[in-house]
Amino acid sequence: MFLKEKRKVNLNGAVLLFSCFFCAVFATIPLNPLATTQSTNAVPCNTHGSRVAKAYGVDANLSAEQRFMRDRPPSSYCVRIEGCSELITKSPNVQKYETRPFSVGGFNWTFIIEPFGSTTNLGTWISAYVAIDPKGLVGENREVYADLRFLAYSKTFDQYWTSMDTDIRRFHQSRTTWGNPNFIRHVNFIAKDREYIFDNDQCVFGVDISVFPFFNKWEVLSIDKTVYGPNSWKLLKFSTLTRDFYVSDEFSIGGKTWAFKVYPNGYGTGEGNSLSLYLTLTENQTLKPYEKVYVRAKLRVLDQKQSRHLEKPILSWFNATGESSGLERFVSLTDLQNPAKGFIVNDSLSVQVQFEAVSSTNYYSSNAAQISSF
């Protein structure tokens, strides 16, 4: 930014040095346009709302905008005008000044200043726009999304008056120019107490252009709330079980395979005092990279006499195969061995699970073959 006088730096020298640098920023993000697919899982975030900003040369309502002063100079391009008052105050017939092309985000742009505004606000506002070179809008880069900020330097405040558009602008062959017809009031710009025109009749305008690739990858998390099952497993000759744990045969729910895992003599805090019961996402399957499986279910130890089953809920995310969810102290060994409870009958124990919700995740991406215009 231009230096304050209290810093005792020759402002003319600083301005001259500043004018040698046009603040070009070269973004390296590749542009990938939004694509639609032929499946029912079409791009879910394709929600083009009403874009109410004014396009260059077209009358429309202005979009939401923020205006403020800032210290940071323009990041993409700036232009210093010497003899500024000639254009700003004396030449109402000068329609616009357009800069040379500069590169941002792999595209060529020009910065446009209308000293006396457009036909709808002639003499009231100074207007500012940027235009993209349509030659770059081809193939996968047929659309470009950009955030725009326009700036004007005030020596009085030693800051930049900034107009920030709160909408991301969509550039394409039918609309190559976006901007703000009401960038800064003409009367404010020429006011001597604000010094937008300063030191030997100079003024400085600038622009920030932030280019964003529109998303081309997404995922859909689906939670199926169908009540599945119940699925049951009976452990025979329970009194003779000596291993630490037992795993049931697999069963399929929600596109995944599951199994029961039972510790007859308990696990963790339940060891020696309780039966531990778990639901396990089996290892002989492969989850998609980064996929997690959400499960809401009820685990039960069945009362085989009066159907007064012991039921406890689980609510868990399974982050990898082999993971289990359950309770270390599902039922005490005392209650388990109590004949009145009916949990063990004829030396057999029955456990059960009822799924109430299970998730699946699908991942999608667009490619050149899927590109279509909106």
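**Close-up views of a predicted model**

Among contacts in the protein between residues at least 6 apart in sequence, 70% join residues at least 24 apart. The model is predicted.

**View 1. The protein as a whole.** The protein holds four helices and 22 strands. Of its 374 residues, 45% are buried. Its accessible surface comes to about 19100 Å², and carbon and sulfur atoms account for 50% of that surface.

**View 2. The largest nonpolar core.** This core, the largest in the model, has 33 residues. W109, F111, F189, F205 and I209 are the residues with the most contacts inside the core. Two or more core residues come from each of these elements: α2 (84-88) and the strands β2 (77-82), β4 (102-104), β5 (107-114), β6 (125-132), β7 (144-154), β10 (177-185) and β11 (202-212). In soluble globular proteins, nonpolar side chains tend to be buried together.

**View 3. The surroundings of F189.** Leaving aside residues up to four places away in sequence, F189 touches C84, I88, I126, A152, I184, Y196, I197, C203 and F205. F189 and F205 are both among the residues with the most contacts inside the largest nonpolar core.

**View 4. A second core.** A separate nonpolar core has 31 residues. Its members include W233, F238, W258 and V293.

**View 5. S85 in helix α2.** S85 lies in helix α2. S85 counts as buried because its relative accessibility is 18%, and buried means under 20%. Beyond residues up to four places away in sequence, S85 touches K90 and D201.

How values were computed. Residues are numbered from 1 along each chain as its sequence is written. This is a predicted model: local features need pLDDT of at least 70, side-chain atom pairs count only at pLDDT 80 or more; totals for chains, interfaces and linings use all residues. Side-chain values use heavy atoms; hydrogens and water are left out. A nonpolar core is a set of buried Ala, Val, Leu, Ile, Met, Phe, Trp, Tyr and Cys residues joined through side-chain atoms within 4.5 Å. Buried means under 20% relative accessible area, exposed over 50%, partly exposed in between (1.4 Å probe, protein chains only). Contact means heavy atoms within 4.5 Å. Accessible areas come from the Shrake-Rupley method with a 1.4 Å probe; for residues, only the protein chains shown count as cover.
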